[in-house]
Amino acid sequence: MSSTLIQVIAGGLLLGAVYALFSSGLTLIWGMMNVINFAHGDFVMLGMYVAFVVWVMMGGGPAAAVPIAALVLASVGIVCYFALIRHIMRGPMLAQILGTFGLALLLRYSALWYFGASFRTLPETLVGGTLLIGPIRIESARLLAGVVAILVTAGLHLILTRTALGSRMLAVAEDATAAELMGIRPERMQAVAWGLGAAATGIAGALIANFFYVAPTVGETLAIVAFVTVSLGGFGSVPGALVAGLLIGVIESVSAYAIGAIYKDIVVYILFVLALWLRPQGLMGKA
Amino acid sequence: MKWTAWIRLIGTAAFGLGLTSAACAQSSVKVGAIYPFSGVAPSIGAYAKAAIEVAVDIVNSDHPELGDLPLAKGTGLPGLGGAKLEVVFADNQGTPAAGQNQAVRLITEEKVVAINGAYQSGITLTASAAAERYGIPFLTGDSVAANLTERGFKWFFRTTPIATDFARIYLEFLKDMKAKGAKVDSIAIVHENTEYGTSVASVVSSVFKASGLNITQDIPYSANASDVQSQVLQLKDKKPDVLIFVSYTADAILYAKTMKSLDYKPPIVIADNAGFSDPSFVAAVGNIVQGVFNRSSWSVGAPGTTTYLVNEMYKKKSGVDLDDTTARIMQGFMVMVDAVNRAGSTEPAKIQAALRATDLKPNQLIMGFKGVKFDEKGQNILASALVIQLQTGVNYVPVWPKERATAEPILVYKGW
């Protein structure tokens, strides 16, 4: 195997880990609450701006930006739940779609108003430079995002499967009325899910900002990949999002390198449709 | 108060309102401006808006200091009895469909007399088609795709130099650099795949090939891509002598960052304006694309000159200097407004005739064009440009042709 191809695959894996990272929050909300959050990409955007503000105001890198972004976004998530989601969940599916879509536009245009339309970047030096492993070059900022992606995935998975809180959340997802009869407050659990999902998204945004551009419209670019990753991985399956993210990243990179950049989406979406045709519940979702 | 009295009061108020709005309609002329305020290039929209607002200020208030610039002296549009100029901005959202809808909305609901826009060539294509259908003049100051003026449109005008002009400039520039010892045997074009990138790339390819320069690699990609590593690795494999980018802002930033992280430095990099000229691109990653060549028809000029003063006005509004793109946008808008004024009427056909009769001299322009004069296709035949380079820091300097250069071209791409 040529070293370039190894570089392509390594790049694809890191890209995929990032996809997985910003999809994990979505899969939690989408899979567990049955709400399609169209504002997800804009949550990522907010996380990126938190990192930007932390750097501008405190000169801080990811060590400061990541926890702050997680906290800020968790609050945003919980506020959004109580102010908007709780109400539109009582309405028809269309109300949910339009409601979260409206939220997306509100966040996007608020960012445009406050931060302006300019593209910004964090300094390259914030997270090391580039690691050299033989002929292979790995950007430290991407590696950090990839490692954190795996940690966040593992963490969310543990919370959902190994803690009482996770069991309560799953119970609410399964049957809210039954859960309520068992003494679980569905609203509280749902708010927690929104908080957790949004916090994961904030972490993703703060880390992606280290190697991507920051702009109010960046959510649009990232959101589609997140939706594809979640549905390929399986709704509500956090490990599924990781596997799907890595797969999509590698397939994208290799096909863009071997066939051409404009064909990579065709390859990805053909495989995506095929995979869902064979396994509509996604790779790791329950039927 | 009795209900009849209420009705009388409301009626009077409504009548009064009607009168004032009618009076307003007479003393102001509405034109439309369609630009990207969202999508992949929202920063351009914000700068375009600032540039157009400066142009409106130049028209509506008295600016005797601005020399021969049309409509700078005096207030309003003298051809229309001193009417004030009013602009209705519309967001093309970065999609051809939205651009077209906005054009229709501006024409049918806002009743604009002419439209300016729309930055992305692919959107100018659809928006101007709507204007053509309604018989409203559409002028673009910045969309360069060749085919825009090849459609046989009667209501479409373009002030900017176009792809064939740039292709020839790049060609002559590279030939000159070759004479100075640079290798230009293999050339790669990396371009975004909508109207702008595709058409500029194909024009550059055909002009280069006709003169015996080899395009050895052609890499189209989607401007809203989230990753460009594979494209950079493809380039790294083939090692072209010259790399040409035709890109918008978001993708240009990704290329700059990825080239650095994969340690790829081609000997000569030429970037075709657009993304690489966006002030927010230069501010964000200008320090890692040192030595990139670009094209421009804009130069700030010495303190006290008209261009310098206009730039000061713009800087006060936007916080940054005018660059080639925003200056071309402002210039296009000014040409359109000058025609509305000379038409002396809000009738579209009269404005169209005035546009056809446009004959502006270099001293009446802010751009370094040889003038503005439209051919039967609506293309400005006096448009021209020069090669600029990003040298030491974040300012482009004119480097070619020699008679207009302020610095020597540096031939090794430095990167970061």
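Helices (H or I, at least four residues) and strands (E, at least two) are taken here as DSSP runs, numbered from the N terminus. With that settled, let us walk through the two chains.

This is a predicted model: local features need pLDDT of at least 70, side-chain atom pairs count only at pLDDT 80 or more, and totals for chains, interfaces and linings use all residues. Residues are numbered from 1 along each chain as its sequence is written, while chains are lettered from A and ligands numbered from 1 in the order in which they are written.

**Chain A**

Chain A holds 11 helices and 2 strands. Read from the N terminus, the order is α-α-α-α-β-β-α-α-α-α-α-α-α. The radius of gyration of chain A is 19 Å, close to the 19 Å that the globule rule gives for 287 residues, so chain A is as compact as a globular protein of that length. (The radius is taken over C-alpha atoms, and the rule is 2.2 Å times the number of residues to the power 0.38.) Along the principal axes, the C-alpha atoms of chain A fill a box of roughly 60 × 50 × 35 Å.

How much of chain A counts as buried? The share is 54% of its 287 residues, where a residue is buried if 20 or more other C-beta atoms lie within 10 Å of its own, exposed if 12 or fewer, and partly exposed in between, with C-beta atoms placed from the backbone. Two residues are in contact if their C-beta atoms, placed from the backbone, lie within 7 Å. Of the contacts in chain A with a separation of 6 or more, 78% link residues 24 or more positions apart.

**Where the chains meet**

The contact between the chains takes 29 residues from chain A and 33 residues from chain B. On the side of chain A that touches chain B, at least two residues each come from helix 1 (3-33), strand 2 (136-139), helix 9 (218-233) and helix 10 (238-258) of chain A. Helix 1 of chain A gives the most to that side, with 5 residues. By class, this side of chain A has 15 nonpolar, 10 polar and 4 charged residues; Ala, Val, Leu, Ile, Met, Phe, Trp, Tyr, Cys and Pro count as nonpolar, Asp, Glu, Lys and Arg as charged, and the others, Gly among them, as polar.

**Chain B**

Chain B is divided into domain 1 (29-161 + 302-364) and domain 2 (164-296 + 386-404), with bounds from an automatic or database domain assignment. The centres of these two domains of chain B, taken over C-alpha atoms, are 28 Å apart. In chain B, 18 residues of domain 1 are in contact with 21 residues of domain 2. Helix 2 (42-60), helix 4 (121-134) and helix 12 (324-343) of chain B are the elements giving two or more residues to the domain 1 side. That side of domain 1 of chain B divides into 10 nonpolar, 6 polar and 2 charged residues.

Some backbone details of chain B deserve a look too.

| Residues joined | Omega |
|---|---|
| Gly117(B) and Ala118(B) | about -5° |
| Trp400(B) and Pro401(B) | about -5° |

Ala118(B) lies in the loop between strand 3 (115-117) and helix 4 of chain B, and Pro401(B) in the segment after strand 12 (396-400) of chain B.

Lys239(B), not a glycine, has a positive phi near 50°. Lys239(B) sits in the loop between helix 7 (229-238) and strand 8 (242-246) of chain B and counts as partly exposed, with 14 C-beta neighbours inside 10 Å. Asp263(B) likewise has a positive phi, about 50°, without being a glycine. Asp263(B) belongs to the loop between helix 8 (249-261) and strand 9 (268-271) of chain B, and is partly exposed because 13 other C-beta atoms lie within 10 Å.
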